[in-house]
Amino acid sequence: MPLGLEVFCTENDLCSDIYLKFYNCQDRDELYFLIATYIENHITEHTAESYMLQWQRGHISNYQYLLHLNNLADRSCNDLSQYPVFPWIIADYSSSVLDLTKPETFRDLSKPIGALNKERLDRLLTRYQEMPEPKFMYGSHYSSPGYVLFYLVRVAPEYMLCLQNGKFDHADRMFNSLAETWKNCLDGATDFKELIPEFYENDSSFLVNSLKLDLGKRQGGKMVEDVELPPWASGPDDFLQKSQEALESQYVSEHLHEWIDLVFGYKQKGSEAVAAHNVFHPLTYEGGVDLNSIMDPNEKVALLTQILEFGQTPKQLFTIRHPRRIIPKLKSLSRTSSHSVSIAESPVSPNEESFEDLTEESITLAWNNIAKLKLDEQYKIHKEAITGIAVTCNGSSVFTTSQDSTLKMFSKESKTIQRSVSFSNMALSSCLILPGDTTVISSSWDNHIYFYSVAFGRQQDILMGHDDAVSKICWHDGRLYSASWDSTVKVWHCVPGETLSNKKHHFELLAELEHDVSVNTIDLNAANTILASGTKEGTISLWDVPTATVLHQLPCHSGTVFDAAFSPDSRHLLSAGEDCCFKVIDVQTGMLISSVTTDEPQRCFKWDGNTILSGSQSGELLIWDLLGGKIIERIKGHTGAVMSMWINEQCNSVITGGEDKQIMFWKLQY
């Protein structure tokens with residue numbers, strides 16, 4: 001039952017952390033409410049998702065992330081029955097040198113301890129299949145007060161004596177050796193324990209019998225003293241240092257999400273737990289028994305004692321697959337190909353590589369300095385709000401669409417409007433320019449999509465593709481993607497007409513992605529294999545483009561999704577909504593991994609995966625630290641909502657279009 005309240009104090013406060021236990025939930029909740037009310041401005045609530053993006057992007061370590069997950073799952077170092085659980089990482093306790101580049105050095109993190117030894121697992125499964133309901137594979141747990149004190153007996157002997165009725169355990173069953181303990185976890189019939197955080201921290205006192213305790217004599221006549229370390233460790237501190245290095249190694253970073261799935265995630269319960277051989281006694285799970293419904297006090301005490309002493313599974317934090325960590329593009333370490341993220345390695349000449357590196361460096365530099373964006377020029381060129389911006393490759397011509405129904409071509413050089421075209425009397429919603437800068441495509445509220453020839457200065461073609469307003473268009477490799485308020489996104493193959501003849505484009509409908517409500521925005525990932533769509537009711541959908549099937553669908557926002565865009569590495573999708581929220585989705589798993597609340601709706605944005613440049617409802621440009629969830633800079637801009645935004649490839653030049661009918665040119669000034 002949730003009867004505890006833990007108060008963590010910041011480092012500069014003159015108090016230690018406080019752990020309180022109550023007799024009923026009502027008292028606990030009442031005190032929490034009073035504390036929260038009293039320190040309203042100083043209390044911070046965190047979710048697993050708030051840490052996940054930081055971990056994925058490498059801003060917090062594997063150790064820090066596991067500590068946060070344990071905390072969120074109600075594990076505390078102040079509660080031996082729910083002590084934080086950490087994984088065994090190293091599987092080599094016999095070599096003289098610990099080689100962290102070899103997969104064999106590591107434990108398979110995709111399996112629970114009980115499933116690491118196939119022979120033992122086969123015996124356990126045979127027993128499991130013959131067992132009446134409720135079935136369980138393991139009679140003991142991976143975390144219990146006994147196991148915690150097994151590791152900590154040298155620094156907390158009084159707790160062990162209390163648990164063991166005034167006696168230490170038999171000398172041969174004590175924590176004598178790392179190699180022996182690991183071997184027993186692999187081979188023992190009832191030993192499935194994981195580790196505790198102390199194995200990855202800096203205090204090695206739990207490995208040393210500095211109190212000179214009489215812990216007994218082993219069968220061979222040897223007294224139990226310090227823990228015997230593996231040959232690769234020169235001493236207790238060196239052992240902890242190497243354990244920390246192992247926890248933060250590339251192999252573990254690539255596979256830690258698999259262990260999280262078992263302990264905190266979707267493989268903790270149900271059919272997925274059965275498939276993963278991860279089923280423990282029903283009493284070890286949260287909600288496994290309702291103690292309040294048991295009237296017999298003796299039965300209640302017996303059950304409570306069993307739950308407290310025999311181990312408890314952490315609170316389940318995730319119900320779908322946990323995302324992988326994003327690993328720098330180094331050689332992938334993996335036990336089997338199915339467990340690794342494959343990284344395509346194509347031969348690149350030194351010149352090409354250095355050019356790519358320079359481009360990447362300049363983009364990183366630009367985003368690091370994005371707060372230094374300064375207004376360069378501004379022009380009022382439309383009669384209504386500007387809805388779309390497209391720029392030619394050389395940057396000389398800027399095309400804009402507006403709710404005044406016109407497409408305009410603005411020359412940066414002469415600072416004049418050179419073309420103004422009206423296709424109908426309905427608003428235009430977006431525009432893009434095709435490779436080669438010869439054709440501009442505009443979408444309209446009149447249900448049509450217009451092709452405009454830049455060279456000939458006239459409407460080249462019209463695609464009557466939807467039954468309601470077309471809200472957004474994208475283009476790649478001869479394919480047009482159109483989103484509409486008719487609840488569809490359509491994929492078209494466009495074969496251009498012969499320029500000098502009267503032949504029109506040939507449009508072939510390749511796919512129709514159906515939604516329940518109006519689609520307001522779309523975006524394609526870098527490989528053009530996944531399309532994201534956002535609706536007027538706040539749903540984000542991720543579609544597999546080749547098969548035209550939905551991969552994930554999430555009710556992200558309450559209200560219209562104004563904008564959505566993939567990160568440059570296509571791992572994440574960011575969306576901004578009418579509900580004054582940014583949401584981040586992990587593309588692979590479809591998990592919502594971060595949410596940032598804003599003071600007002602953000603109508604459009606650009607981002608690099610960590611930093612966001614957004615245009616707000618009030619007209620300001622805001623720079624956000626997404627991982628910190630805070631505004632870095634506010635830049636005064638339009639006198640109405642920022643409706644559209646364009647950024648160049650080097651990310652040092654920005655153009656915004658506003659409700660105030662103006663386009664603004666922004667430059668980075670380092």
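**Cavities and backbone**

Guide: A cavity here is a set of points on a 1 Å grid over the protein atoms alone where a 1.4 Å probe fits but cannot get out, and a volume is the space filled by probe spheres set on points joined across faces, edges and corners. This is a predicted model, where local features need pLDDT of at least 70, side-chain atom pairs count only at pLDDT 80 or more, and totals for chains, interfaces and linings use all residues. Residues are numbered from 1 along each chain as its sequence is written, and side-chain values use heavy atoms, with hydrogens and water left out.

Visitor: How much space lies in the largest cavity?

Guide: About 80 Å³. Its lining residues, those with an atom within 4 Å of a point, include R107, Y142, E194, W259 and N278.

Visitor: And the volume of the second largest cavity?

Guide: About 60 Å³. Among the residues lining the second largest cavity are W88, Y93, F199 and S243.

Visitor: Switching to backbone: which residues does a cis peptide bond join?

Guide: E133 and P134, with omega about -5°. P134 lies in the loop between α4 (118-130) and α5 (145-152); helices are DSSP runs (H or I, at least four residues), numbered from the N terminus.

Visitor: What's phi of D477 near?

Guide: 50°, a positive value in a residue other than glycine. Most residues other than glycine have a negative phi.

Visitor: Is D477 buried or exposed?

Guide: D477 counts as exposed because its relative accessibility is 63%, and exposed means over 50% relative accessible area (1.4 Å probe, protein chains only).

Methods:
1 Å grid on protein atoms, 1.4 Å probe; cavity = no way out; pocket = protein on both sides within 12 Å on 5 of 7 lines; lining within 4 Å. Helix = DSSP H or I, 4+ residues; strand = E, 2+ residues; numbered from the N terminus. Buried < 20%, exposed > 50% of the residue type's maximum accessible area, 1.4 Å probe, protein only.
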